[in-house]
Amino acid sequence: MKAILLAGGKGTRLRPLTLHTPKPVVPIFDRAFLHYQIDQLKQVPEIDEVILSLNYQPRRIEDVFGDGTGTGVRLRYVVEPAPLGTGGAIRYAAQHVTDTIVVFNGDVMSSVDVNAVVNFHRERKAKATIVLTPVDNPTAYGLVETESDGRVRRFLEKPNPDEITCDTINAGIYVLEPDTFDRIPKDVSYSIERAYFPSLIEKHDMFVAYIDRGYWIDIGTPEKYIQVHHDMFDGKFSGGVFATADRTQPIVSPEARIDDGVTLVAPCFIDAGVHVKGGARIGPYSVLGRSVLVEEGADVENTIVWPNTRIGQGAVVHGPIIGRNCHIGRNAVMKSAAVIGDKTQLTDYTTL
Ligand code: GDD
Ligand code: MG
(Lines give C-alpha, C1' and ligand atoms only; values in the text may rest on other atoms or scores of the structure.)
(Ligands and ions follow the chains in the order given, each with its own letter.)
Protein backbone atom coordinates (compact mmCIF):
# COMPACT_ATOMS: atom_id res chain seq x y z
CA MET A 1 0.00 0.00 0.00
CA LYS A 2 1.18 3.51 -0.82
CA ALA A 3 0.65 6.79 1.00
CA ILE A 4 0.54 10.19 -0.67
CA LEU A 5 1.34 13.34 1.27
CA LEU A 6 -0.09 16.43 -0.43
CA ALA A 7 2.75 18.85 0.09
CA GLY A 8 2.49 21.18 -2.88
CA GLY A 9 0.56 24.14 -1.51
CA LYS A 10 2.11 27.58 -1.20
CA GLY A 11 1.36 28.01 2.49
CA THR A 12 0.15 31.57 1.88
CA ARG A 13 -1.43 31.93 5.32
CA LEU A 14 1.95 31.27 6.94
CA ARG A 15 3.76 33.96 4.97
CA PRO A 16 6.35 35.35 5.42
CA LEU A 17 7.62 32.17 7.12
CA THR A 18 6.84 30.09 4.02
CA LEU A 19 8.62 32.36 1.53
CA HIS A 20 11.78 30.30 1.93
CA THR A 21 10.48 27.33 3.91
CA PRO A 22 7.55 25.48 2.32
CA LYS A 23 4.82 24.65 4.84
CA PRO A 24 5.43 20.86 4.80
CA VAL A 25 8.91 21.43 6.22
CA VAL A 26 8.33 24.26 8.69
CA PRO A 27 9.97 23.18 11.94
CA ILE A 28 7.83 21.87 14.78
CA PHE A 29 10.36 21.93 17.62
CA ASP A 30 13.46 20.32 16.09
CA ARG A 31 11.93 18.51 13.12
CA ALA A 32 10.37 19.36 9.78
CA PHE A 33 6.60 18.96 9.96
CA LEU A 34 6.33 16.01 7.53
CA HIS A 35 8.51 13.90 9.83
CA TYR A 36 5.55 13.68 12.21
CA GLN A 37 3.26 12.47 9.43
CA ILE A 38 5.83 9.95 8.24
CA ASP A 39 6.11 8.62 11.80
CA GLN A 40 2.34 8.23 11.90
CA LEU A 41 2.32 6.34 8.58
CA LYS A 42 5.03 4.01 9.87
CA GLN A 43 2.40 2.60 12.23
CA VAL A 44 0.75 0.99 9.20
CA PRO A 45 2.89 -2.04 8.35
CA GLU A 46 1.31 -2.43 4.91
CA ILE A 47 2.56 0.97 3.71
CA ASP A 48 5.71 0.30 1.74
CA GLU A 49 6.19 3.68 0.09
CA VAL A 50 5.42 7.30 0.90
CA ILE A 51 4.98 9.57 -2.10
CA LEU A 52 5.52 13.28 -1.51
CA SER A 53 3.35 15.22 -3.94
CA LEU A 54 5.19 18.50 -4.51
CA ASN A 55 4.85 21.64 -6.49
CA TYR A 56 5.95 24.77 -4.58
CA GLN A 57 9.72 24.88 -3.92
CA PRO A 58 10.18 21.11 -4.30
CA ARG A 59 13.96 21.31 -3.98
CA ARG A 60 13.71 22.71 -0.47
CA ILE A 61 11.63 19.73 0.56
CA GLU A 62 13.89 17.23 -1.20
CA ASP A 63 16.86 18.81 0.59
CA VAL A 64 15.29 18.01 3.96
CA PHE A 65 14.50 14.34 3.31
CA GLY A 66 17.10 13.46 0.68
CA ASP A 67 16.78 9.85 -0.43
CA GLY A 68 14.67 9.09 2.63
CA THR A 69 17.42 7.46 4.67
CA GLY A 70 16.74 8.64 8.18
CA THR A 71 12.97 8.58 7.80
CA GLY A 72 12.78 4.79 7.93
CA VAL A 73 10.44 4.60 4.93
CA ARG A 74 10.87 4.37 1.18
CA LEU A 75 10.27 7.88 -0.12
CA ARG A 76 9.44 9.04 -3.62
CA TYR A 77 9.01 12.59 -4.86
CA VAL A 78 6.49 13.48 -7.53
CA VAL A 79 6.68 17.06 -8.74
CA GLU A 80 3.74 18.40 -10.73
CA PRO A 81 4.56 20.44 -13.78
CA ALA A 82 1.95 22.97 -12.59
CA PRO A 83 -0.25 23.09 -9.47
CA LEU A 84 -3.00 20.58 -10.16
CA GLY A 85 -5.10 21.17 -7.05
CA THR A 86 -5.65 18.50 -4.42
CA GLY A 87 -7.50 16.08 -6.73
CA GLY A 88 -5.24 16.55 -9.73
CA ALA A 89 -2.19 16.12 -7.51
CA ILE A 90 -3.47 12.81 -6.15
CA ARG A 91 -4.19 11.45 -9.62
CA TYR A 92 -0.80 12.61 -10.88
CA ALA A 93 1.06 11.10 -7.92
CA ALA A 94 -0.93 7.87 -8.12
CA GLN A 95 -0.12 7.06 -11.76
CA HIS A 96 0.51 3.31 -12.03
CA VAL A 97 -0.83 2.70 -8.50
CA THR A 98 -3.70 0.22 -8.46
CA ASP A 99 -3.85 -0.68 -4.77
CA THR A 100 -5.60 1.22 -1.95
CA ILE A 101 -3.96 4.58 -1.11
CA VAL A 102 -3.75 6.55 2.13
CA VAL A 103 -3.68 10.33 1.56
CA PHE A 104 -2.79 13.07 4.04
CA ASN A 105 -3.04 16.80 3.57
CA GLY A 106 0.56 17.79 4.27
CA ASP A 107 -0.35 20.13 7.12
CA VAL A 108 -2.49 18.12 9.56
CA MET A 109 -1.20 16.78 12.82
CA SER A 110 -3.41 14.15 14.40
CA SER A 111 -3.47 11.19 16.71
CA VAL A 112 -5.85 9.18 14.51
CA ASP A 113 -5.11 5.45 14.31
CA VAL A 114 -4.49 5.05 10.58
CA ASN A 115 -4.62 1.24 10.85
CA ALA A 116 -8.13 1.49 12.24
CA VAL A 117 -9.16 3.78 9.39
CA VAL A 118 -7.77 1.37 6.80
CA ASN A 119 -9.57 -1.55 8.47
CA PHE A 120 -12.81 0.41 8.56
CA HIS A 121 -12.41 1.23 4.85
CA ARG A 122 -11.99 -2.48 4.05
CA GLU A 123 -14.90 -3.61 6.23
CA ARG A 124 -17.18 -1.13 4.55
CA LYS A 125 -15.83 -2.07 1.08
CA ALA A 126 -15.59 1.66 0.49
CA LYS A 127 -14.39 3.50 -2.58
CA ALA A 128 -13.35 6.34 -0.29
CA THR A 129 -13.10 6.81 3.46
CA ILE A 130 -12.60 10.22 4.99
CA VAL A 131 -11.56 10.98 8.55
CA LEU A 132 -13.70 13.61 10.26
CA THR A 133 -12.93 15.67 13.31
CA PRO A 134 -15.24 17.96 15.30
CA VAL A 135 -14.35 21.68 15.39
CA ASP A 136 -16.04 24.75 16.85
CA ASN A 137 -16.08 26.72 13.62
CA PRO A 138 -16.17 24.73 10.36
CA THR A 139 -16.01 27.76 8.02
CA ALA A 140 -12.28 27.37 7.35
CA TYR A 141 -12.63 23.66 6.50
CA GLY A 142 -14.69 21.15 4.53
CA LEU A 143 -17.99 20.53 6.32
CA VAL A 144 -19.10 16.89 6.12
CA GLU A 145 -22.59 15.63 6.93
CA THR A 146 -23.04 11.92 7.53
CA GLU A 147 -25.90 9.44 7.65
CA SER A 148 -26.45 7.27 10.71
CA ASP A 149 -24.78 4.35 8.88
CA GLY A 150 -21.61 6.40 8.39
CA ARG A 151 -22.08 7.21 4.72
CA VAL A 152 -21.27 10.73 3.66
CA ARG A 153 -24.41 12.71 2.79
CA ARG A 154 -22.88 16.06 1.90
CA PHE A 155 -19.44 17.63 1.50
CA LEU A 156 -19.29 21.41 1.51
CA GLU A 157 -15.89 23.06 1.26
CA LYS A 158 -15.47 26.35 3.21
CA PRO A 159 -19.15 26.77 4.15
CA ASN A 160 -20.62 30.19 4.88
CA PRO A 161 -21.67 30.70 8.51
CA ASP A 162 -25.32 30.24 7.53
CA GLU A 163 -24.54 26.88 5.88
CA ILE A 164 -23.24 25.17 9.00
CA THR A 165 -25.38 22.16 9.85
CA CYS A 166 -22.97 20.06 11.95
CA ASP A 167 -19.55 20.28 13.60
CA THR A 168 -17.73 17.51 11.72
CA ILE A 169 -15.14 18.55 9.16
CA ASN A 170 -12.76 16.88 6.75
CA ALA A 171 -9.59 16.13 8.71
CA GLY A 172 -7.56 15.89 5.48
CA ILE A 173 -6.92 12.16 5.86
CA TYR A 174 -8.37 9.73 3.33
CA VAL A 175 -8.25 6.13 2.19
CA LEU A 176 -9.01 5.95 -1.53
CA GLU A 177 -9.44 3.34 -4.26
CA PRO A 178 -7.59 4.43 -7.41
CA ASP A 179 -10.17 2.80 -9.71
CA THR A 180 -12.26 5.93 -9.16
CA PHE A 181 -9.51 8.28 -10.33
CA ASP A 182 -10.48 8.13 -13.99
CA ARG A 183 -13.11 10.75 -13.18
CA ILE A 184 -10.36 13.21 -12.23
CA PRO A 185 -9.45 15.13 -15.38
CA LYS A 186 -5.79 15.09 -16.38
CA ASP A 187 -3.52 18.12 -16.61
CA VAL A 188 -5.95 20.66 -15.14
CA SER A 189 -6.42 21.89 -11.60
CA TYR A 190 -9.08 19.78 -9.87
CA SER A 191 -10.17 19.83 -6.25
CA ILE A 192 -10.78 16.64 -4.34
CA GLU A 193 -12.96 18.61 -1.91
CA ARG A 194 -15.07 20.62 -4.34
CA ALA A 195 -15.39 18.10 -7.18
CA TYR A 196 -14.25 14.52 -6.48
CA PHE A 197 -16.00 13.99 -3.13
CA PRO A 198 -19.28 15.53 -4.32
CA SER A 199 -19.06 13.26 -7.40
CA LEU A 200 -18.83 10.16 -5.19
CA ILE A 201 -22.03 11.20 -3.43
CA GLU A 202 -23.79 11.97 -6.69
CA LYS A 203 -22.86 8.58 -8.17
CA HIS A 204 -23.85 6.74 -4.95
CA ASP A 205 -20.37 5.26 -4.53
CA MET A 206 -19.54 3.78 -1.12
CA PHE A 207 -18.12 6.91 0.52
CA VAL A 208 -17.89 6.64 4.30
CA ALA A 209 -16.70 8.70 7.24
CA TYR A 210 -14.53 7.68 10.17
CA ILE A 211 -15.09 10.13 13.02
CA ASP A 212 -12.09 10.60 15.28
CA ARG A 213 -12.29 12.61 18.48
CA GLY A 214 -8.59 12.54 19.28
CA TYR A 215 -6.04 15.31 18.74
CA TRP A 216 -6.24 17.15 15.41
CA ILE A 217 -4.92 20.45 14.10
CA ASP A 218 -4.17 22.06 10.72
CA ILE A 219 -0.90 23.94 11.25
CA GLY A 220 -1.46 26.28 8.30
CA THR A 221 -1.93 29.62 10.08
CA PRO A 222 0.35 31.41 12.57
CA GLU A 223 -2.20 30.93 15.37
CA LYS A 224 -2.41 27.18 14.75
CA TYR A 225 1.34 26.90 14.26
CA ILE A 226 1.84 28.38 17.73
CA GLN A 227 -1.04 26.29 19.07
CA VAL A 228 0.54 22.97 18.07
CA HIS A 229 3.68 23.88 20.00
CA HIS A 230 1.63 24.78 23.07
CA ASP A 231 -0.37 21.57 22.77
CA MET A 232 2.77 19.47 22.65
CA PHE A 233 4.25 21.35 25.60
CA ASP A 234 0.99 20.71 27.46
CA GLY A 235 0.97 17.00 26.61
CA LYS A 236 -2.14 17.14 24.43
CA PHE A 237 -0.15 15.58 21.61
CA SER A 238 3.11 13.72 21.87
CA GLY A 239 5.48 12.95 19.07
CA GLY A 240 9.06 13.67 18.12
CA VAL A 241 11.08 14.84 21.11
CA PHE A 242 7.99 14.64 23.34
CA ALA A 243 7.80 10.89 22.95
CA THR A 244 10.55 10.65 25.55
CA ALA A 245 11.24 14.09 27.07
CA ASP A 246 10.05 15.17 30.51
CA ARG A 247 7.76 18.12 29.79
CA THR A 248 7.89 19.42 33.34
CA GLN A 249 11.57 20.30 32.96
CA PRO A 250 13.21 22.57 30.37
CA ILE A 251 14.14 20.40 27.37
CA VAL A 252 17.72 21.31 26.52
CA SER A 253 19.85 19.63 23.86
CA PRO A 254 23.12 18.25 25.22
CA GLU A 255 24.73 20.24 22.41
CA ALA A 256 23.36 23.58 23.64
CA ARG A 257 25.41 25.94 25.77
CA ILE A 258 23.68 27.58 28.72
CA ASP A 259 25.90 30.04 30.60
CA ASP A 260 25.89 30.53 34.36
CA GLY A 261 23.17 32.81 35.66
CA VAL A 262 20.60 31.89 33.01
CA THR A 263 17.02 31.25 34.10
CA LEU A 264 15.11 28.54 32.26
CA VAL A 265 11.41 28.13 33.02
CA ALA A 266 9.56 25.01 31.82
CA PRO A 267 7.99 24.23 29.51
CA CYS A 268 10.65 25.34 27.05
CA PHE A 269 12.74 23.75 24.32
CA ILE A 270 16.35 24.54 23.40
CA ASP A 271 17.89 22.85 20.36
CA ALA A 272 21.49 21.90 19.54
CA GLY A 273 24.02 24.66 18.95
CA VAL A 274 22.03 27.25 20.91
CA HIS A 275 23.97 29.58 23.18
CA VAL A 276 22.16 31.43 25.97
CA LYS A 277 24.31 33.99 27.73
CA GLY A 278 24.38 35.00 31.39
CA GLY A 279 21.43 36.82 32.93
CA ALA A 280 19.08 35.83 30.11
CA ARG A 281 15.72 34.29 30.89
CA ILE A 282 14.04 31.69 28.69
CA GLY A 283 10.45 31.58 29.88
CA PRO A 284 7.58 29.15 29.36
CA TYR A 285 6.50 28.13 25.86
CA SER A 286 9.77 29.25 24.27
CA VAL A 287 11.28 27.28 21.41
CA LEU A 288 14.87 28.12 20.43
CA GLY A 289 15.82 26.50 17.11
CA ARG A 290 19.28 25.28 16.12
CA SER A 291 22.18 27.64 16.75
CA VAL A 292 20.06 30.50 18.08
CA LEU A 293 22.05 32.99 20.14
CA VAL A 294 20.44 34.77 23.09
CA GLU A 295 22.63 37.48 24.51
CA GLU A 296 23.08 38.73 28.07
CA GLY A 297 19.97 39.68 29.97
CA ALA A 298 17.50 39.06 27.14
CA ASP A 299 14.04 37.89 28.19
CA VAL A 300 12.32 35.42 25.85
CA GLU A 301 8.93 33.92 26.57
CA ASN A 302 6.12 32.27 24.58
CA THR A 303 8.17 32.74 21.42
CA ILE A 304 9.21 30.44 18.59
CA VAL A 305 12.64 31.26 17.20
CA TRP A 306 13.84 29.55 14.02
CA PRO A 307 17.48 28.52 13.56
CA ASN A 308 20.43 30.91 13.44
CA THR A 309 18.60 33.95 14.81
CA ARG A 310 20.26 36.26 17.31
CA ILE A 311 18.43 37.99 20.13
CA GLY A 312 20.40 40.94 21.40
CA GLN A 313 21.36 41.94 24.89
CA GLY A 314 18.44 43.01 27.08
CA ALA A 315 15.81 42.44 24.39
CA VAL A 316 12.34 41.51 25.61
CA VAL A 317 10.58 39.09 23.27
CA HIS A 318 7.17 37.82 24.32
CA GLY A 319 4.81 36.20 21.81
CA PRO A 320 6.15 36.28 18.24
CA ILE A 321 7.33 33.71 15.72
CA ILE A 322 10.76 34.77 14.44
CA GLY A 323 12.17 33.34 11.20
CA ARG A 324 15.72 32.23 10.41
CA ASN A 325 18.81 34.39 10.43
CA CYS A 326 17.14 37.40 12.06
CA HIS A 327 18.79 39.85 14.38
CA ILE A 328 16.70 41.34 17.13
CA GLY A 329 18.63 44.36 18.33
CA ARG A 330 19.76 45.24 21.82
CA ASN A 331 16.96 46.28 24.20
CA ALA A 332 14.32 45.83 21.49
CA VAL A 333 10.86 45.07 22.85
CA MET A 334 8.41 42.82 21.04
CA LYS A 335 5.23 41.98 22.87
CA SER A 336 2.79 40.56 20.34
CA ALA A 337 2.18 37.49 18.24
CA ALA A 338 3.97 39.15 15.29
CA VAL A 339 5.29 36.92 12.50
CA ILE A 340 8.82 38.01 11.57
CA GLY A 341 10.25 36.83 8.23
CA ASP A 342 13.73 35.40 7.68
CA LYS A 343 16.70 37.79 7.80
CA THR A 344 14.76 40.61 9.50
CA GLN A 345 16.98 43.09 11.29
CA LEU A 346 15.40 44.93 14.17
CA THR A 347 17.40 47.96 15.16
CA ASP A 348 18.46 48.36 18.80
CA TYR A 349 15.75 49.85 21.05
CA THR A 350 12.92 49.19 18.53
CA THR A 351 9.55 48.65 20.21
CA LEU A 352 6.93 46.60 18.38
N1 GDD B 1 0.71 18.71 -4.72
C2 GDD B 1 -0.18 19.67 -4.46
N3 GDD B 1 -0.67 20.40 -5.50
N4 GDD B 1 -0.57 19.87 -3.18
C5 GDD B 1 -1.48 20.84 -2.95
C6 GDD B 1 -2.02 21.65 -3.97
C7 GDD B 1 -1.58 21.40 -5.32
O8 GDD B 1 -1.99 22.04 -6.29
N9 GDD B 1 -2.90 22.52 -3.40
C10 GDD B 1 -2.88 22.27 -2.09
N11 GDD B 1 -2.03 21.26 -1.81
C12 GDD B 1 -1.77 20.67 -0.49
C13 GDD B 1 -1.34 21.68 0.56
O14 GDD B 1 0.07 21.74 0.62
C15 GDD B 1 -1.92 21.11 1.84
O16 GDD B 1 -1.04 20.19 2.44
C17 GDD B 1 -3.14 20.33 1.36
O18 GDD B 1 -3.00 20.15 -0.04
C19 GDD B 1 -4.45 21.07 1.67
O20 GDD B 1 -4.37 22.39 1.20
P21 GDD B 1 -4.67 23.63 2.14
O22 GDD B 1 -4.46 24.86 1.33
O23 GDD B 1 -3.97 23.51 3.43
O24 GDD B 1 -6.25 23.47 2.33
P25 GDD B 1 -7.14 23.97 3.54
O26 GDD B 1 -6.45 23.80 4.83
O27 GDD B 1 -7.68 25.32 3.22
O28 GDD B 1 -8.38 22.94 3.45
C29 GDD B 1 -8.14 21.54 3.34
O30 GDD B 1 -7.80 21.00 4.59
C31 GDD B 1 -8.81 21.07 5.62
C32 GDD B 1 -8.28 20.38 6.85
O33 GDD B 1 -7.17 21.04 7.31
C34 GDD B 1 -9.40 20.86 2.80
O35 GDD B 1 -9.07 19.52 2.53
C36 GDD B 1 -10.54 20.95 3.82
O37 GDD B 1 -11.66 20.20 3.33
C38 GDD B 1 -10.09 20.36 5.15
O39 GDD B 1 -11.12 20.49 6.12
MG1 MG C 1 -4.53 23.33 5.42
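Reader: What volume does the largest cavity have?

Author: This is a predicted model. Its residues Ile-226, His-229 and His-230 are among those that line the largest cavity. The volume of that cavity is about 40 Å³.

Reader: Which element gives the most to the lining of the largest cavity?

Author: The lining includes Tyr-285, Asn-302, Gly-319 and Pro-320. By class, it has five nonpolar, five polar and no charged residues. The top contributor, with three residues, is H6.

Reader: Now the pockets. Which element gives the most to the lining of the largest pocket?

Author: The largest pocket has a volume of about 950 Å³. Of its 38 lining residues, the closest to the centre are Arg-13, Lys-23, Thr-86, Asn-105 and Asp-107. Two or more lining residues come from each of helix H3 (85-93), strand E11 (168-176), helix H5 (192-202) and strand E13 (216-218). The one that gives the most, with three residues, is H3.

Reader: Which domains each give at least three residues to the lining of the second largest pocket?

Author: This pocket holds about 340 Å³ of space. Its lining has 27 residues, and Phe-29, Asp-30, Arg-31, Asp-271 and Arg-290 lie nearest its centre. Strand E2 (27-28) and helix H6 (222-233) are among the elements that supply at least two residues each. At least three residues come from each of domain 1 (2-222) and domain 2 (246-346).

Reader: How many nonpolar residues are in the lining of the second largest pocket?

Author: Start with the other classes. Three residues of this lining are polar and five are charged. The nonpolar count is 19.

Reader: What share of the accessible area of ligand 1 does the protein cover?

Author: Ligand 1 is surrounded by 27 residues, with Glu-80, Glu-157, Asn-170, Glu-193 and Asp-218 closest. A polar side-chain atom of Glu-193 lies 2.5 Å from a ligand oxygen, and for an N or O atom in the Glu-157 side chain the distance is 2.6 Å. On its own, ligand 1 has 740 Å² of accessible area, and the protein covers 90%.

Technical notes:
Residues numbered from 1 in each chain as written. Chains lettered and ligands numbered in written order. Predicted model: local features only at pLDDT ≥ 70, side-chain atom pairs only at ≥ 80, totals over all residues. Heavy atoms only, no water. 1 Å grid on protein atoms, 1.4 Å probe; cavity = no way out; pocket = protein on both sides within 12 Å on 5 of 7 lines; lining within 4 Å. Points joined across faces, edges and corners; volume = space filled by probe spheres on them. Helix = DSSP H or I, 4+ residues; strand = E, 2+ residues; numbered from the N terminus. Nonpolar A, V, L, I, M, F, W, Y, C, P; charged D, E, K, R; others polar. Domains from an automatic or database assignment. Near = heavy atom within 4 Å. Polar contact = N/O pair within 3.5 Å; in protein donor to acceptor, adjacent residues only side chain to side chain. Areas by Shrake-Rupley, 256 points an atom, 1.4 Å probe, with all protein chains shown as cover.
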